[in-house]
Amino acid sequence: NYQETVSIIADYLDKKGTLPNESDSESMFSMVNNIVIRYENKIATASDGDYGTKISAYDNLLSMRKRLNNRFYDNHIRFLTGKYSIEQLNKNIAEQYYLKGKSIKPSGKDSHLAIAKAFSSGAEYYDYQDIKQLRDSHYKKYATLNADDFYQRGLAAVKTQDYASAATAFFSAEEAYRQYGSYKNSSSLAVKYDKQDKKQVSDQHYKDAVALSRTATSKYDYRRVADKYADAYKAYAKYGQVNDAQLQMNNYKNKGQIRVYIAADSGLQSKVEKELRYTFIDFTSSAASADVVINLSIDSDYKKEHE
């Protein structure tokens, strides 16, 4: 690991504060020089289109240059610090990313994204020529093509009356282009077809509830009907009410409630109520209005008789 070798040497010299004997110094600086030469050879022998190899080599030289910057032994490593400035290495890396981006032929949204990413990576190192403008231009082109893909999917889904997929596609088109504003009328179409989808879902739940209500005879059945009406109401709730599902839900929920009267002392009554806390149970203070009457009594001498 060449970078680790450089780091070990730098840490040793930083800690020591002075150079070791001439032989050891020559050995250490020779190792550093050989590492520099290795990276330079990678750059020199890489083919014109091998941007990855060149970028990697320049990036390693940059790491070395930063690690060995402004050291007391600078005159011994002029093969690095005298040859490369930090700014120049940053510029060299940006140039390779620039050339990489230029080498990619725009042929679709994915290619524009790849180009934009290349320019973006280079711009992180150095503001090379028009690299930032090209980065922004290709990111916008990618966003446009990506949004249009979703938009076209939405139009195709509308033709087959698949409103759920249409709404999802139009919402995706809007999101894909959000950084640059609204894409065509994708926002309004998303809402339009989401409403249609939610209405269809609500209507189906409503029909299921009506069908179930025709055979409902028990409080359990009424609660099932209430749940179906609840599904119908919730499906369209964010846009308001499209039918009387909420009214019917409350009606059947009330019909499905079990009213319980407990005849017991207050201490025992509260314990029983705590155990029977279900959403479909209401406790009443009158036995006459109750569906279920629970009579409880305690034999106070039970414990003594069984000791």
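Predicted model: local features only at pLDDT ≥ 70, side-chain atom pairs only at ≥ 80, totals over all residues.
A helix here is a DSSP run of H or I with at least four residues, and helices are numbered from the N terminus. The elements that give two or more residues to the lining are α10 (219-236) and α11 (245-256). In total, 13 residues line the pocket, and about 240 Å³ of space lies inside. R223, A226, D227, K253 and T279 are the lining residues nearest the pocket's centre.

Attention now turns to the nonpolar cores. The largest of them has 26 residues, and L61, M64, L68, Y73 and L80 have the most contacts inside it. Two or more residues come from each of the elements α1 (2-16), α2 (22-45), α3 (51-67) and α5 (86-103). A second, separate core has 14 residues, among them A166, F170, Y183 and Y193.

K199 sits in helix α9 (residues 186-213). Its relative accessibility is 38%, so K199 counts as partly exposed, a class that lies between buried (under 20%) and exposed (over 50%). Apart from residues up to four places away in sequence, K199 touches Y236 and V242. The C-alpha atoms of K199 and D162 are separated by 13 Å, with the two residues 37 residues apart along the chain.

Notes:
Residues numbered from 1 in each chain as written. Heavy atoms only, no water. Buried < 20%, exposed > 50% of the residue type's maximum accessible area, 1.4 Å probe, protein only. Contact = heavy atoms within 4.5 Å. Core = buried A, V, L, I, M, F, W, Y, C linked by side-chain atoms within 4.5 Å. 1 Å grid on protein atoms, 1.4 Å probe; cavity = no way out; pocket = protein on both sides within 12 Å on 5 of 7 lines; lining within 4 Å. Points joined across faces, edges and corners; volume = space filled by probe spheres on them.
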